[in-house]
Amino acid sequence: MKRLALTALALWLCASNLALAAPQTRCGWWDNPSPGNVWLHDKDGEWEVAVQGGHQAEGDWPEIPARQKVRVNGAYGYGCACARVTVNTKTRQVLRILRAQARPLAQCRADAALGKPPG
């Protein structure tokens with residue numbers, strides 16, 4: 001009976017971790033419309049990076065130079081970035097940013113898979 005319970009627990013843990021993807025590089029619109037709120041919009045859709053008062057991915061956000069940022073709310077807005085991240089595919093949340101780098105706006109604008117910029 002104890003062995004069965006341990007096996008069931010091990011299977012549950014494996015199944016619950018299936019949503020956690022190995023580190024991957026995701027590139028797209030880095031959307032920071034207001035303090036503490038960030039999403040990454042890539043070819044696969046929207047990924048939650050941070051929500052004020054809620055989820056916050058570990059790691060540093062990309063430094064997007066002023067000339068590569070479109071401001072839509074004071075100092076806040078969007079840019080283009082690539083990030084090496086771990087994600088939860090079920091919740092569509094970025095869990096950890098291993099590294100992130102700004103890219104020219106032209107790179108995201110030229111990528112038809114990304115669609116229109118946020119904002």
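**View 1. The disulfide between C27 and C82.** C27 and C82 are joined by a disulfide, with 2.0 Å between their sulfur atoms; the term stands for a pair of cysteine sulfur atoms within 2.5 Å. This is a predicted model, in which local features need pLDDT of at least 70, side-chain atom pairs count only at pLDDT 80 or more, and totals for chains, interfaces and linings use all residues. Residues are numbered from 1 along each chain as its sequence is written, and side-chain values use heavy atoms, leaving out hydrogens and water. C27 sits in strand 1 (residues 24–34) and C82 in strand 5, so the bond ties together parts 55 residues apart in sequence. Strands (E, at least two residues) and helices (H or I, at least four) are DSSP runs, numbered from the N terminus.

**View 2. The disulfide between C80 and C108.** Here C80 is linked to C108, S to S 2.0 Å. The S-S torsion is about 80°, so this disulfide is right-handed. Both cysteines are buried, that is, under 20% relative accessible area, where exposed is over 50% and partly exposed in between (1.4 Å probe, protein chains only).

**View 3. The largest nonpolar core.** Which residues have the most contacts inside this core? They are W30, V49, V85, V94 and I97, in a core of 15 residues. Such a core is a set of buried Ala, Val, Leu, Ile, Met, Phe, Trp, Tyr and Cys residues joined through side-chain atoms within 4.5 Å. Strand 5 gives the largest share, four residues.
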